[in-house]
Amino acid sequence: MNYVSAENLSKSYGVKVLFKNITFHVNEGDKIAIVAKNGSGKSTLLKILMGKEIADGGEVVINKDIQVVLFDQEIDFDPKLSVEEFMMTLDSAPILALKKYHHALTSDNPDDMETALAEMEIHKAWDLENEMEQILSQLKITDLSAKMGTLSGGQIKRIALAKLLTETRAEHRHTLLIMDEPTNHLDVEMVEWLENYLSKAKITLLLVTHDRYFLDAVCDKIWEMEDGNLYLHNGSYATYLENKMIREDNLNSTIDKAQNLYRKELEWMRRQPKARTTKSKSRQDDFYETEKVAKTDTRKDTLALDFEMKRLGNKILELRDINKSYGEKVLFKDFSYQFQRGEKVGIVGKNGAGKSTLLNIIQGFEPKDSGEIETGETIKFGYFAQKGLQYKEDERVIDFIKEIGENFPLANGKTISASQFLRLFLFDDQTQYSPISKLSGGEKRRLHLMYILYQNPNFLIFDEPTNDLDLPTLTVLENFLQNFQGSLIIVSHDRYFMDRIVDHVLAFEGEGRIKEFVGNFSEYRENLKNEEKNPKAESPKVEKIEAPKETPATVVINQPIKKKLSFKEQHELETIEKEMPKLEEQRSKILDQLNNETDYEKIAKFSTELETISEKLENFELRWLELQD
């Protein structure tokens, strides 16, 4: 069954073309993710499908038998309503039947109950209340009497999500569910629940998300919006990246051929007299088409900068016995941690566990109850907080960045201009000279991020940096952070982002407990699941027994004995430790070749080699861990 069809759809704002003559179809059961740079028109396209905006040209046909439901970034609500009242404002027949039933329970008129029971049967609403409560519970919404106006932005977002999911379950009509960044303000457990819910639900979905694990788990199609065009891909995010690379390689090949032809035709054009025949006029038109292709600019700046970062001293940052509570709620108790040079630490935990509070205490924005913090003299913090960007009215993007400095220093003694740095973060020349107020919400987040990095800090603190950032920007940021030589703390619910960046995890487990784990986020989650499946027995108590004074000794009871490696295992361990650095070096060389290669056959060859080496390296790492244990 076809839900939506669009033919030759176009939309512009002034001289900025968002998309031109794009055509697509949405069929029943499709689960589609839209991928694009912020400002490319994702949200505008969704609003056109919802009937909230009008396209400049083309036609959209929506099947009259379906309903279109939008989960948007902006949520309208009456602050005086309770959570329960807000949930019951849904304008659907099963919800109205449920409201009548609740009214009939307190009514003195027996006819009310008879009518209510009949409507509950007709609209199959008996299970609806239970489903609504389950959804609210999964999204950690427990106080249904709380007024909407007293809640945080994250709580409101979760309640709106619960309302939307309830609506899709309540309606027995065909529904197209449109979701714009649904994972923002959700902790990891909620994201995983929503991921599982949407992947199993028999729904038709159009989704905008920056969470690549979420995207892969839920969607089977990807729409890519770039340079006013729409490209359709079937399969995973990795398949989309591969298709995109092939398309760009083919485009570069076409441009090369056009440039060769352009040079020949340019000589012919210069030799022609002013008065041309019809035949030469046709060739002239072909020349201008060739010129247009030949002058297509496909260059994409990549972030591979060797920054002149302020030197880190021996002392980085040390926390000793830090305590913080709000009334009876303990956020952390006697927490100590010493940050090392170049260490990349990810902080995870449920919302309200104290993650952002710790970041504020480290920087002196919020007092601690007790404990000591020692910060190195050379440390320069760069803090990317969740609050919005502060800027002057009508201030241009380029001027905002130049307030810090005209140029950005590199380690080789050279510099790049503010404009070049902006281009690295996907701000083209036209956008650089636009007022900040004209940027989309995601573009403002990207500019805020750039503003922090341009100040050249050596200790970065990021609080949910991936919220509202598009996937191209996240890729740029990840490349930046992987090459960053300073120290880094990240609070994030984006699992893919954390896996690429962090090498240590601090997990806020509640009631003041903070667990340290060496490894990335997925490894931490896997370890956590294993512990839940196989809970450890109570740790044996260590007892100290006093020996006679003339022969002092300490005897430890029930201390587990560590198994000694055999000669063969010791030799295997030494071999692995020698081979792993070699494989790392080979992988690094192949990655460099891939980044600089344009020939598709060579790219395919290098990709196969990279996969083989990565698999071998992974097997070595697993075996090394087994032998170490």
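Which residue just after H11 takes a positive phi? Gly364 does, with a phi of about 80°. Here are my notes on the rest of the model, point by point.

1. **What we are looking at.** This is a predicted model, in which local features need pLDDT of at least 70, side-chain atom pairs count only at pLDDT 80 or more, and totals for chains, interfaces and linings use all residues. Residues are numbered from 1 along each chain as its sequence is written, and side-chain values use heavy atoms, with hydrogens and water left out.

2. **The chain overall.** The chain has 20 helices and 22 strands; helices (H or I, at least four residues) and strands (E, at least two) are DSSP runs, numbered from the N terminus. Of its 629 residues, 44% count as buried, where buried means under 20% relative accessible area, exposed over 50%, and partly exposed in between, with a 1.4 Å probe and protein chains only. Among contacts with a separation of 6 or more, 67% join residues 24 or more positions apart; a contact means heavy atoms within 4.5 Å. The accessible surface of the chain is about 34,800 Å², and 48% of that belongs to carbon and sulfur atoms (Shrake-Rupley method, 1.4 Å probe; for residues, only the protein chains shown count as cover).

3. **Helix H11.** This helix covers residues 355–362, and seven of its eight residues are buried, so it is largely enclosed by the rest of the structure. The buried residues include Lys355, Thr357 and Asn360, along with Leu358, Leu359, Ile361 and Ile362.

4. **Two glutamates with positive phi.** Glu181 has a phi near 50°, a positive value in a residue other than glycine. Its place is the loop between strand E6 (174–180) and helix H7 (188–200), and Glu181 counts as buried because its relative accessibility is 7%. Glu464 also has a positive phi, of about 50°, although it is not a glycine. The loop that holds Glu464 runs between strand E17 (459–463) and helix H16 (471–483), and at 6% relative accessibility this residue counts as buried.

5. **The largest cavity.** Glu464 turns up again here, as one of the residues that line the largest cavity. Other lining residues include Thr183, Asn184, His185, His210, Asp211, His493 and Asp494. The cavity holds about 70 Å³ of space, and a search of the whole structure finds three cavities of 30 Å³ or more. On a 1 Å grid over the protein atoms alone, a cavity is a set of points where a 1.4 Å probe fits but cannot get out, while a pocket is an open set with protein on both sides within 12 Å along at least five of seven lines; lining residues have an atom within 4 Å of a point. Grid points are joined across faces, edges and corners, and a volume is the space filled by probe spheres set on the points. By class, the lining of this cavity has two nonpolar, seven polar and three charged residues (Ala, Val, Leu, Ile, Met, Phe, Trp, Tyr, Cys and Pro count as nonpolar, Asp, Glu, Lys and Arg as charged, and the others, Gly among them, as polar).

6. **The second largest pocket.** About 1,300 Å³ of space lies in this pocket. Of the 45 residues that line it, the closest to its centre are Ser43, Leu439, Ser440, Gly441 and Gly442. Helix H15 (441–454) is one of the elements that supply at least two lining residues, and H15 gives the largest share, six residues. The lining has ten nonpolar, 20 polar and 15 charged residues.

7. **Two buried lysines.** Lys11 lies in strand E1 (residues 2–13) and counts as buried because its relative accessibility is 9%. The side chain of Lys11 reaches the backbone oxygen of Ile54 at 2.9 Å. Lys244, in helix H9 (residues 237–271), counts as buried at 15% relative accessibility. The Lys244 side chain makes a polar contact with the side chain of Glu224 (2.9 Å); a polar contact is a pair of N or O atoms within 3.5 Å, and within protein one must be able to donate a hydrogen and the other to accept it, with residues adjacent in sequence counting only if both atoms are side-chain atoms.

8. **Leu426.** This residue sits in the loop between helix H13 (418–424) and H14, and at 21% relative accessibility Leu426 counts as partly exposed. Leu426 and Asn38 are 388 residues apart in sequence, yet 9.4 Å apart in space, C-alpha to C-alpha. Not counting residues up to four places away in sequence, Leu426 touches Lys37, Arg446, Pro472, Thr473 and Val476.
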